[in-house]
Amino acid sequence: MRVLIVLALSLVSLLSRADEHDQLYQLAGWAQQREHFGAALAAAQQRYRGTLPPALYQALVDNSNRRFAAAAMETRALDSLRARLPDPLPAIRFFDSPLGRAVVLREVQATAPAALAQHADGLPRVAASAARRALVQRLGRVLPAREAGAEVSLALAGVAADSLSQMLPGLPGLLGNGGPEQLLGGSRERLAEKIDADLENTLLHVYRDLSDAQLGEFVAFAESLEGQAYYAAALQAVRAALQGGQ
């Protein structure tokens, strides 16, 4: 009987942990960001409609819909988050605070389809004081924005390469042993560098409605051990969600 009680308590503890990661997933805006990615994917599919032969276009749509199925992406992201963030409570406390909710709101607004369409040609330059720029520069050093942005861009580009490889079986040999992924691999660093070049202005734009005091508190969380643990796990969860369906 004692063994059964211990097992029951262990099971309850595990279920509690699972619920905490689900809670963090919602609080940190992952569900909304996944929806925004789905909208970006649909827009990318439409751009290819008039430029590809029908069979290749359909392969692209089928491949991308299968690889980026919403439920599967969510499962992969949550599984990764659970594996890499043993204690989600510090992140939950931050994102469930007024400041955390304000941060998530601005991040979700920045990736909404309407916002992306409005700034398709680039973000406006944001004027800021030296003190605020210093805060944003610190934030840029600890947030995995450049790495996550590169992963999203390469995931979308990779669908086209995968579809082309499917229609032209000899293509991987022409590209080398790595196939389309090898072709795109060298772009990861270039994309990260490009994102990094405009990262300061991007962060100034995204968090423009936060006061200097709020921005300072956000930086403090992001630089803390708990914040770094969350963002390191979040980057791996992004990669798992995007790449796990290949």
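This is a predicted model: local features need pLDDT of at least 70, side-chain atom pairs count only at pLDDT 80 or more; totals for chains, interfaces and linings use all residues.
Local features need pLDDT of at least 70, side-chain atom pairs count only at pLDDT 80 or more, and totals for chains, interfaces and linings use all residues. Residues are numbered from 1 along each chain as its sequence is written, and side-chain values use heavy atoms, with hydrogens and water left out.

**Salt bridges**

A salt bridge here is a side-chain nitrogen of Lys or Arg within 4 Å of a carboxyl oxygen of Asp or Glu. The count comes to ten.

Glu223 lies in helix H13 (residues 212–223) and Arg138 in helix H8 (residues 130–142), so their bridge ties together parts 85 residues apart in sequence. Helices are DSSP runs of H or I, at least four residues, numbered from the N terminus. Glu151 in helix H9 (residues 145–167) and Arg239 in helix H14 (residues 225–243) link distant parts of the chain, 88 residues apart.

Glu151 is buried, at 4% relative accessible area. Arg239 is partly exposed, at 23%. Buried means under 20%, exposed over 50%, and partly exposed in between (1.4 Å probe, protein chains only).

Salt bridges also link Asp22, Asp79 and Arg82 in a network.

**Asn201**

Asn201 sits in helix H12 (residues 199–206). Its relative accessibility is 4%, so Asn201 counts as buried. The Asn201 side chain reaches the backbone oxygen of Pro124 at 3.1 Å.

Note on methods:
Helices (H or I, at least four residues) and strands (E, at least two) are DSSP runs, numbered from the N terminus. A polar contact is a pair of N or O atoms within 3.5 Å; within protein, one must be able to donate a hydrogen and the other to accept it, and residues adjacent in sequence count only if both atoms are side-chain atoms.
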